[in-house]
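Reader: I have a structure to look at and have not seen it before. Can you take me through it?

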Amino acid sequence: MSVKISTHRPDETPQSYAIEHAEYLARVAERLIEIGNLMAASPDSPENYEADFDDACGSMRSAIHEYRKRALRAGFSEEK
């Protein structure tokens, strides 16, 4: 028997959920900028940060996608 556990909080609105995810998006953006700065500061060996940069870019794409889904549900944006 499978039990489905809801992670939705009863007091959470689509708007608050989108805003919460926007904070996550900001943290991911800051990490991406940090890695970019490290790569720029070491022009002789940017490959040291390539894996981190690729990972951060993937996280950013995912965060953007998730935010857009939540913003659309909350009525903050229109579907493109």
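This is a predicted model: local features need pLDDT of at least 70, side-chain atom pairs count only at pLDDT 80 or more; totals for chains, interfaces and linings use all residues.

Reader: What does the chain average for pLDDT?

Author: The average is 84, and 84% of the residues score at least 70. pLDDT is the predictor's confidence in each residue, from 0 to 100.

Reader: Where does pLDDT stay under 50?

Author: Over residues 1–6. For that stretch the model has zero contacts beyond four places in sequence, a contact being heavy atoms within 4.5 Å.

Reader: ok. How many helices and strands?

Author: Two helices and zero strands. Both kinds are DSSP runs numbered from the N terminus: helices are H or I with at least four residues, strands are E with at least two. Helix α1 covers residues 14–41, and helix α2 covers residues 50–74.

Reader: How far does α1 reach?

Author: Its 28 residues reach 41 Å from the first C-alpha to the last, close to the 40 Å expected at 1.5 Å a residue. The expected span is 1.5 Å times one less than the number of residues.

Reader: Which residues of α1 are buried?

Author: Ala18, His21, Leu25, Val28, Leu32, Ile35 and Met39. Buried means under 20% relative accessible area, exposed means over 50%, and partly exposed is in between, with a 1.4 Å probe and protein chains only. These buried residues of α1 pack against α2.

Reader: Those numbers go up in threes and fours. Why would residues spaced like that point the same way?

Author: An α-helix has 3.6 residues a turn, so residues three or four places apart point the same way.

Reader: Which residues make up the largest nonpolar core?

Author: Nine residues: Leu25, Val28, Leu32, Ile35, Met39, Ala56, Cys57, Met60 and Ala63. Both α1 and α2 give two or more residues to this core, and the largest share, five residues, comes from α1. A nonpolar core here is a set of buried Ala, Val, Leu, Ile, Met, Phe, Trp, Tyr and Cys residues joined through side-chain atoms within 4.5 Å.

Reader: Pick one of them. What is Ala63 in contact with?

Author: Leaving aside neighbours within four places in sequence, Ala63 touches His21, Tyr24, Leu25 and Val28.

Reader: And His21, buried or exposed?

Author: His21 is buried, at a relative accessible area of 13%.

Reader: How about Arg61? Buried or exposed?

Author: Arg61 counts as exposed, at 57% relative accessibility.

Reader: Where does Asn48 lie?

Author: Asn48 is in the loop between α1 and α2. Asn48 is exposed, with a relative accessible area of 53%.

Reader: Switching topic. How many salt bridges does a search of the whole structure find?

Author: Four. The cut-off is a side-chain nitrogen of Lys or Arg within 4 Å of a carboxyl oxygen of Asp or Glu.

Reader: Which residue meets Arg27 in one?

Author: Glu23, with 3.6 Å from N to O. Both lie in α1, four residues apart, about one turn of the helix. Arg27 is partly exposed at 45%, and Glu23 is partly exposed at 45%.

Reader: Which residues are linked in a network of salt bridges?

Author: Glu66, Lys69 and Arg70. Glu66 and Lys69 have their closest N and O atoms 3.3 Å apart, while Glu66 and Arg70 meet at 2.5 Å.

Reader: How are they spaced in α2?

Author: Glu66 and Lys69 are three residues apart, about one turn of the helix. Glu66 and Arg70 are also separated by about one helical turn, because they are four residues apart in α2.

Reader: Is Arg70 buried or exposed?

Author: Arg70 counts as buried, at 11% relative accessibility. Lys69 counts as partly exposed, at 32%.

Methods. Residues are numbered from 1 along each chain as its sequence is written. Side-chain values use heavy atoms; hydrogens and water are left out.
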